[in-house]
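Hi there,

Here is the structure I promised to pass on to you. Have a look at it first, and then read my notes below.

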Amino acid sequence: MEMTDFAVAQANAPYSLAKNVIDRIIASVALLLLSPLFVVLAIAVKLESEGAAFFSHTRVGLNGRLFKMIKFRTMVNNADKIGPGLTAKSDPRITRLGSILRRTSMDELPQLINVLKGEMSLIGPRPEIPEIVKTYSAEQLRALAVKPGITGLSQVNGRDDLPIDKKLAFEVRYVDNFSLSQDIHILLKTFPALFSGRGNRC
């Protein structure tokens, strides 16, 4: 189902344009520098369990547009056919390597491709699946006013430990304060959050 009729607020347009350019430059450089790591991880994923090295999942992006978010596969092949759509804590479908990738957030690295394609930003609200977005209130839909991000306000404030309503309150707050200073603040908090592993379902 195409979700193109959401009424969402227009975020700070000048900063949005500059951010799009910065995002793609950084994503291009990062993909180039990290290409050896991508190769190693892709091989390791395939060696541990049969199936593709990458996994894509439909998410809702800017103004309700659907896109395929890319990750390194962290679960057994066809996990969506042998269990629930949402990952539970200590989900038995998660592989040993997948648990490490999730704990370190390295499974998210392929989303740099989504950034390069213009579907995501480095920093922004985390994209949700269409089934969850359909339950959003009018206020919560405002989280779709900007591109979703690899990291964001909810990511550095609890991630998956947060209930959905609190997570969305952070996402809407991000839109309300859309600015360079906020993005720098989130970026500085991202690295400590990564090392703590808080909120990672693995």
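**The cavity and its lining**

The largest cavity is lined by 14 residues, and those nearest its centre are Val-60, Arg-126, Pro-127, Ala-143 and Leu-144. By cavity I mean a set of points on a 1 Å grid over the protein atoms alone where a 1.4 Å probe fits but cannot get out, and lining residues have an atom within 4 Å of a point. This is a predicted model, in which local features need pLDDT of at least 70 and side-chain atom pairs count only at pLDDT 80 or more, while totals for chains, interfaces and linings use all residues. Residues are numbered from 1 along each chain as its sequence is written, and side-chain values use heavy atoms, with hydrogens and water left out.

The volume of the largest cavity is about 80 Å³, where a volume is the space filled by probe spheres set on grid points that are joined across faces, edges and corners. The count comes to one cavity of 30 Å³ or more. Its lining has 11 nonpolar, one polar and two charged residues. Here Ala, Val, Leu, Ile, Met, Phe, Trp, Tyr, Cys and Pro count as nonpolar, Asp, Glu, Lys and Arg as charged, and the others, Gly among them, as polar.

**The chain as a whole**

The chain has six helices and four strands, which are DSSP runs numbered from the N terminus (H or I for helices, at least four residues; E for strands, at least two). From the N terminus on, the order of elements is α-β-β-α-α-β-α-β-α-α. Of the 202 residues in the chain, 49% are buried; buried means under 20% relative accessible area, exposed over 50%, and partly exposed in between, with a 1.4 Å probe and protein chains only. Among contacts with a separation of 6 or more, 71% are between residues 24 or more positions apart, a contact being heavy atoms within 4.5 Å.

A pocket is an open set of points with protein on both sides within 12 Å along at least five of seven lines. Helix H1 (13-48), strand S3 (121-123), strand S4 (149-151) and helix H6 (180-196) are the elements that give two or more residues to the lining. The largest share, eight residues, comes from H6. By class, the lining of this pocket has 18 nonpolar, seven polar and six charged residues.

**The nonpolar cores**

Which residues have the most contacts inside the largest nonpolar core? They are Phe-72, Leu-112 and Tyr-174, in a core of 31 residues. A nonpolar core is a set of buried Ala, Val, Leu, Ile, Met, Phe, Trp, Tyr and Cys residues joined through side-chain atoms within 4.5 Å. H1, S2, H2, H3, S3 and helix H5 (164-176) each supply at least two residues of this core, and H1 gives the most, with eight. Apart from it lies another core, of eight residues, including Val-60, Val-133, Leu-144 and Leu-168.

Leaving out residues up to four places away in sequence, Tyr-174 touches several residues, among them Lys-19, Ile-123, Val-146 and Ile-186. Arg-173 is in helix H5 and is partly exposed, with a relative accessible area of 44%. With neighbours within four places in sequence set aside, Arg-173 is in contact with Leu-153 and Gln-182.

Just after H2, Ser-105 takes a positive phi of about 65°. Ser-105 is buried, with a relative accessible area of 10%. Asn-63 also has a positive phi, near 55°, and sits in the loop between strand S1 (54-60) and strand S2 (66-72). Is Asn-63 buried or partly exposed? At 28% relative accessibility, Asn-63 counts as partly exposed.

Finally, Ser-179 is in the loop between H5 and H6. A polar contact of 3.2 Å joins the side chains of Ser-179 and Ser-181. Such a contact is a pair of N or O atoms within 3.5 Å; within protein, one must be able to donate a hydrogen and the other to accept it, and residues adjacent in sequence count only if both atoms are side-chain atoms.

Happy exploring!
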